[in-house]
Amino acid sequence: MIQGHCYCFCGVVTIYLSLLIHILASPTLHDQRDALLGFRDEFPTGESNLSSWNKSSTDYCLWSGVTCDDKSGQVISLDLLETPLNSSLKTNSSLFRLQYLRHLNLSNCNLLGEIPSSLENLSHLTNLDLSANYLRDALLGFRDEFPTGESNLSSWNKSSTDYCLWSGVTCDDKSGQVISLDLLETPLNSSLKTNSSLFRLQYLRHLNLSNCNLLGEIPSSLENLSHLTNLDLSANYLVGAIPTSIGNLKELRVMSLNNNSLSGFIPISFTNLTKLSHLIIRFNNFTSMLPSDMSGFYNLKLFDVSYNSFSGPFPKSLFSIPSLQYVDLGGNHFTGPIEFVNTFSSELQFLSLDHNRFNGPIPELISKFLNLRRLYLSHNNFTGSIPRSLSKLVNLKDLHLSKNKLEGEVPSFLWRLSTMMICHNSFSSFETPSQETLVQVLDLSSNSFHGPLPHWICNLKGLSLLDLSNNHFNGSIPTCLRNAIVSLLDMSLRNNSFSGVLPDIFGDATKLRSIDVGLNKLEGKFPKSLVNCKALQLVNVASNRIKDKFPSWLGSLPSLNVLSLRSNEFYGQLYHPHGSIGFQSLRVIDISHNDFSGTLPPHYFLTWSEMTTLTQGSDYMVNPTKVSRYMGLFPESIYRSMEMVNKGVETRFDRIRQDFRAIDFSGNRISGKIPESIGFLKGLHLLNLSDNIFTSDIPRSLANLTSLETLDLSSNKLSGQIPQDLGNLAFLSYMNFSHNLLQGPVPRGTQFERQNCSSFLGNSGLYGLEEICGSLHAVSLPTAQQADGYSEAEEEQMFSWVAAVIAYGPGMFCGLVIGHIFTSRNQERLTEKFRRRKLIHPKCSLSTSLAFSNKHI
């Protein structure tokens, strides 16, 4: 009985204690619930997981992401992975009241701001994951490192919470991590800092900062982006060496650092990048040799180190990589012969070794690359002949062998190629094609070919470039060539020995842009069918024997930029009253050393609109069919060229600048006034009207030609004064007014003072040449009456000796007597005249003996 009472008493005590513990514990558990609700209210949760946390649900242990201890009911785990909190974690956050929390996962919750120090209150934490947060802040921090202005980054702003929609940003669909940042052509205009917020985007896979005007060095902290697979820092202004730490980016597949100013060595750590498929570092300043063993890059497809300063032998281990498709070693200092290993890159399609110092023969083993389509070996020191084994390369389309020391016969299998550039060698003959010819670009210039032009060239259908210049071809130009030039864009036969007429075969050559047959022995008429070639930009028939009237109909060609008819036998008038002048696109014209005559009306130059505008630039007129794969930076004779007299010297313009404007009418018989409309050609750099019969005053409108560098008006019959305003032409560095009838003061100014005294010879009335011809010229110049007296004396003196010569023989004695009488009578005047001559500087005897003797010669 007593025992039963004891049991009853114990049960009552147990129940009482349980109730007491529950009563005491309830406030603590309520605190847990309130803490969770308080934490929820700190964020703009919207429709997120936290919106399921509500006061009507009392069992918080069942709330999403919450785990409680089974016994105590304390919150021990909070997993809010990928819950978009979109705000910062406050220092006094209700989260820190969950003091028994062991696991906290706030990964990828778009938390902003800093990690609060009060996180230390969660003293029971064993697992903490705050990864992939602060991405928005990282992006904004990166933006603020640059003077973005109106760039793409200016659209990144704090008011926009969804950074995955920002320009250039791509996020992972599941995790929300920033995995791609593409800021191509965003003008960052600064350097990439070592502690840049960019490096907080740890899950970044693709980074494109190409052409962003980045400055400075590549920071070593780039290694923090360990998930990178694609890195593009090309076309910036980066300097210095590649950091060794870049070898830690072991996931890299594509790396583009081209078109910068990077220098130094390629770090050894590069060999760690075994997953690389594309390595592009062209156009930098790298030195040293490539790694001796490159076979470890077994995933490599594209390898481009062109136009650096790499040296050493040919990297033969590179070509053992089976996956290799594209190799460019051009523009470096590699030396020695080309050697290949026994195993070959069977997928190789592009191989460029141009602009190096390779020597020896072209190896037969190149024929093992059966998929090869383009082969560039130009600008080296290769010797011998073209290997016959190359005929096995049935997929080969382009072959560049220019500027080597190759010789012998050009094999027939090459005619099936699309592009064949073999200029600047010593080839001497062709093997006749045995099959259909497919060549579209054919450059055989600067070799040793000789004899008549082979008639099989007439069978080249689809030809766009034909360059046979600088050889020894002779005979006539075959009329059958009309079949090959239907699709022709550019033709050059210059500097050969072609004779006969230039055939009139251009009626269907409507695509023709340039024709150059200068420096031959062509004669006859100028081909009128060229009027159908509306695309013509350059016509050069200089230094031949063509005899025809001026082809004024060329003025109707809308794109004609350069016309050279110099040193032929053209004749007649340049202007016909009933014909249109045209030449609206003309930039350079040279019709010197012909037999043109007649006068030019005042309005003659008004239609030459291309010369009326001031243009600036460093570009050159190019032949587009010869532009190299790098847009003309390293060309093979791609530039338009011609010869002209410049500053009194015969000059070859290997490159004609786009902004160059020139007129050369010298060495003809053109008369009358210089047209006033010449003053409208403000873009003119060179004007040569010398050796004609121009009369009257020099047009004052010449002072409008503010770009003029060369002015030659010598050997005409110009009179009056030199316009004073010509002294204001800042770029005028050469001028020649000699052998005219000019008078008056020479203009003052630096441009005139820098001229040679000879530029003013043969003008008896000019004065004020002290600064040009030296201080001795300061003696007063003779008056007009004195000059007439000197002229009379010279005539008398000359007459005396002429009389003596005529009297030679039977009348020699009488002639001597007469000469003695004249000499004696004028002895005093001659003596006085001689004294005056000695006072004048010998360089500047312009108004006395030289002027007058020139007049009578």
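In this predicted model, the second largest cavity holds about 50 Å³ of space, and its lining is made up of Val746, Pro747, Arg748, Phe752, Glu753, Gly768, Glu771 and Ile772. Two helices, H3 (750-753) and H4 (770-773), are the elements that give two or more residues to this lining. Sorted by class, the residues around the second largest cavity comprise 4 nonpolar, 1 polar and 3 charged.

That cavity belongs to a set of 3 cavities of 30 Å³ or more, found by a search of the whole structure. The largest cavity has a volume of about 100 Å³, and of the 13 residues that line it, those closest to its centre are Ile266, Phe270, Leu279, Met294 and Phe303. Whereas charged residues take part in the lining of the second largest cavity, the lining of the largest cavity consists of 13 nonpolar residues, with no polar and no charged ones.

From the cavities we turn to the strands. Strands of a sheet pair through backbone hydrogen bonds, and the pairing may be either parallel or antiparallel. Both senses occur around strand S6 (residues 178-182), which pairs with strand S5 (residues 169-171) in the antiparallel sense over 3 bridges and with strand S7 (residues 206-208) in the parallel sense, again over 3 bridges. Leu181 can be followed through both pairings, as this residue of S6 is the bridge partner of Val169 and has Leu207 as its bridge partner in S7. Between S5 and S6 the hairpin has 6 residues, and in this hairpin Gly176 takes a positive phi near 80°. Strand S6 is also mostly covered, with 4 of its 5 residues buried.

Definitions and conventions. Residues are numbered from 1 along each chain as its sequence is written. This is a predicted model: local features need pLDDT of at least 70, side-chain atom pairs count only at pLDDT 80 or more; totals for chains, interfaces and linings use all residues. Side-chain values use heavy atoms; hydrogens and water are left out. Buried means under 20% relative accessible area, exposed over 50%, partly exposed in between (1.4 Å probe, protein chains only). Two strands pair if DSSP finds at least two bridges between them. On a 1 Å grid over the protein atoms alone, a cavity is a set of points where a 1.4 Å probe fits but cannot get out, and a pocket is an open set with protein on both sides within 12 Å along at least five of seven lines; lining residues have an atom within 4 Å of a point. Grid points are joined across faces, edges and corners, and a volume is the space filled by probe spheres set on the points. Ala, Val, Leu, Ile, Met, Phe, Trp, Tyr, Cys and Pro count as nonpolar, Asp, Glu, Lys and Arg as charged, and the others, Gly among them, as polar.
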